[in-house]
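Good morning, and thank you for making time for this item. Please keep the sequence and the structure on screen while I speak.

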Amino acid sequence: MKIWKWFVALLTLLFGRLTRPAGSADGGGERIVPAGTPERRAENAVLILLLLAVLSGVGFIVIYAVYPHADQPNELLGLSLGLCLAFIGGALTVVAKRLVVTEELEDDYPDVHPQEQAEIIEIVHESGSRITRKKLLMGAGAAAGGTLGLAALTPALSLGPLWDTSPLDNTPWRRGVALVDENGNKMPAADIAGGTFYSAFAEGVDPEDIASDLVVIRLDPAKLRLPAGRADWAPEGILAYSKICTHAGCAIGLYRNPLFPGLEPKPALVCPCHYSTFDPYTGGTVIYGPAGRPLPQLPLMIDDAGYLRANGNFNYRVGPAWWNVLEKPTYGTNE
Amino acid sequence: MTRGLVIGLLSVLFGLSAVAIAQAQPNSGIVRPTTEPSTPSVQLGAQLFAANCSSCHGIDGSGITSPRPGAGAIVGMGPPLRGVGAMAPNFYLRTGFMPLSSIHDEPGNDRVLFSNKEIESLVEYVASLGKGPGIPHPDPAAGSLSTGMQLFTLHCAGCHQEDAEGGFVTGARVPPLQGLTATEIASAVRIGPYLMPKFPVSQISNAQLNSIVRFVQSLKNHDDNRGGWRIGNIGPIPEGLVTWWIAVPLLIIACMAVGRRYRRE
């Protein structure tokens, strides 16, 4: 029903526009303000600036489309989008300075004079007549603004047709998938030392897959305070968290490990981009910074040969925040 | 007999108050024997340790686990040093990380306060307290630059930045690595000073460490700033300051200039 209301409102607006009495601007009466001198040069400048804005915006889209996904040239993308904005700003500046008639009048509040009121309305209408190619300028402005909008939306197309976010839910982790180090070697639990941190990946999966990357640490099992239901997720105190920060998707590359805990900040996983800080003892909860949800934790197990393996999937979706990221917080226990 | 003790005795002899004794031992001063032997010795190390280190690390390096007032009105607290070997004292003293003037300070690359002979003596003494790792002697020439860069990116760059400029972690500064000796870099990797993780040989082998040291030392004159301005190269905090205190005011000025009306006088 909401759409129907919008439809009625739109019709009313159009109808109102069409039936507005035409001609008070250049109606039959005598002009008060002489017709303004058209500023063709300023108009041309505006048109050229808007055209350049369109070209810059198109440039962004072309650059985004031409370069491979993993190798986008940040400088060129930023430059084209920045130029698009700058040209639109320049065009608006010229319009404001040269085309829109501005005049400051100061007067005491007079008594109501209907005659004068009508004159002022007429002055305002007639003053607006300096622009000679209003439709062209409006069209150019719409083109520039539209291109800017398209350029801003282009990256969203990478999500696929119809904004399908289901690929973001794919992770390589299932019960039994082995953890491997950066060289592809399986990781014996006995080799995981305390006081340091390890990068780990899913066996046989492209390390570029963000759901594959883990940070693995060993903590004192007696000090762990994991949320309910995760009691068996950290065999021997070995914990695995997603290495991708839940704020903006940077790699959690910092591990705070106090040498003398009495005087130094407590252990934490820290993201180098905006300093989101996660507590590994309590299941990756946020203790500082802009991240809005805990680090996803991967349940671990140690197989008969002593190697680390996943004991299921992550408890949260992996990666930076997006809409409805918390809607499906768990993947079911496993599989 | 330490100089502080001599001054203290003289003060008492001349009837001066205890204030003078406190003044004679500034919080960050070094206390030395009146006559030092000409060569490094465990004996000298023990004397220096008792005077300068034991307030925090305890007599015989047994450590102090809760804040305790020590000599010279210093509140002492610090980890035990038994079993740290020669590597840790050598690293902390030669980088100027120790001694600290307050237990709440983060150790940083400060002025080195002991002479070479004194450092060797202290290292010898601390190493004698318990069996521990010796001073590492990495061989960067045997390492590979490209391997070093990969390993540095994986293990170190998260905190120290890709160009080893250092930066911040929540709650601490991260020191820059340029200008450190090979032994200092290798020691830090194994010890994990302050909040740094410590990387055992099972994680970073000695051969890999050679490569890391070679890469770090190759960065001394590295200066690639594609943005045109380095802003300290230590991450988002100075960059945010530039945005808020320089770029935003410039934008506001630009907006005001654009919006100014023509005035007819």
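Let me begin with the buried residues of H9(B): they are Ala182(B), Ile185(B), Ala186(B), Ser187(B), Ala188(B), Val189(B) and Ile191(B). A residue is called buried if 20 or more other C-beta atoms lie within 10 Å of its own, exposed if 12 or fewer, and partly exposed in between, with C-beta atoms placed from the backbone. Helices (H or I, at least four residues) and strands (E, at least two) are DSSP runs, numbered from the N terminus.

A word on conventions. This is a predicted model, in which local features need pLDDT of at least 70 and side-chain atom pairs count only at pLDDT 80 or more, while totals for chains, interfaces and linings use all residues. Residues are numbered from 1 along each chain as its sequence is written, and chains are lettered from A and ligands numbered from 1 in the order in which they are written.

Helix H9 of chain B spans residues 182–191 and is mostly covered, with 7 of its 10 residues buried. Against which helices do the buried residues of H9(B) pack? They pack against helix H5 (87–94) and helix H10 (206–218) of chain B. Just after H9(B), Gly192(B) takes a positive phi of about 70°.

Consider Ala186(B), which has its place in helix H9 of chain B. Ala186(B) counts as buried because 25 other C-beta atoms lie within 10 Å. Leaving aside residues up to four places away in sequence, Ala186(B) touches Pro136(B), Pro138(B), Leu209(B) and Val213(B); contact requires C-beta atoms, placed from the backbone, within 7 Å. Ala186(B) and Leu209(B) are 23 residues apart in sequence, yet 6.8 Å apart in space, C-alpha to C-alpha.

H10(B) has a further partner. Helix H7 (residues 145–155) of chain B packs with H10(B) at an angle of about 90°, their axes being 7 Å apart. Axes are lines fitted to C-alpha atoms, for helices over the stretch in contact, and angles run from 0 to 180 degrees between N-to-C directions. H7(B) and H10(B) are therefore roughly perpendicular, a term covering 65 to 115 degrees. Among the residues that meet are Leu145(B), Met149(B) and Phe152(B) in H7(B), with Ile212(B), Phe215(B) and Val216(B) in H10(B).

I turn to the nonpolar cores, each a set of buried Ala, Val, Leu, Ile, Met, Phe, Trp, Tyr and Cys residues joined through C-beta atoms within 7 Å. Which residues of the largest nonpolar core touch the most other members? Of its 93 residues, they are Ala200(A), Leu214(A), Val216(A), Leu269(A) and Ile185(B). A second, separate core has 17 residues, including Leu49(A) and Phe60(A).

Leu269(A) stands opposite Phe278(A) in E7(A). Strand E6 (residues 268–270) and strand E7 (residues 277–279) of chain A pair in the antiparallel sense over 2 bridges; pairing requires at least two DSSP bridges. The open sheet has 4 strands in the order E5-E6-E7-E8 (chain A), with antiparallel pairing. Strands E5 (254–256) and E8 (285–288) of chain A stand at the edges with a single partner strand each, so one side of each lacks a neighbour in the sheet.

Finally, the interface: 31 residues of chain B are in contact with 33 residues of chain A. H8(B) gives the largest share of the side of chain B that touches chain A, 3 residues.

Conventions. Contact = placed C-beta atoms within 7 Å. Parallel < 35°, antiparallel > 145°, perpendicular 65-115°, else oblique.
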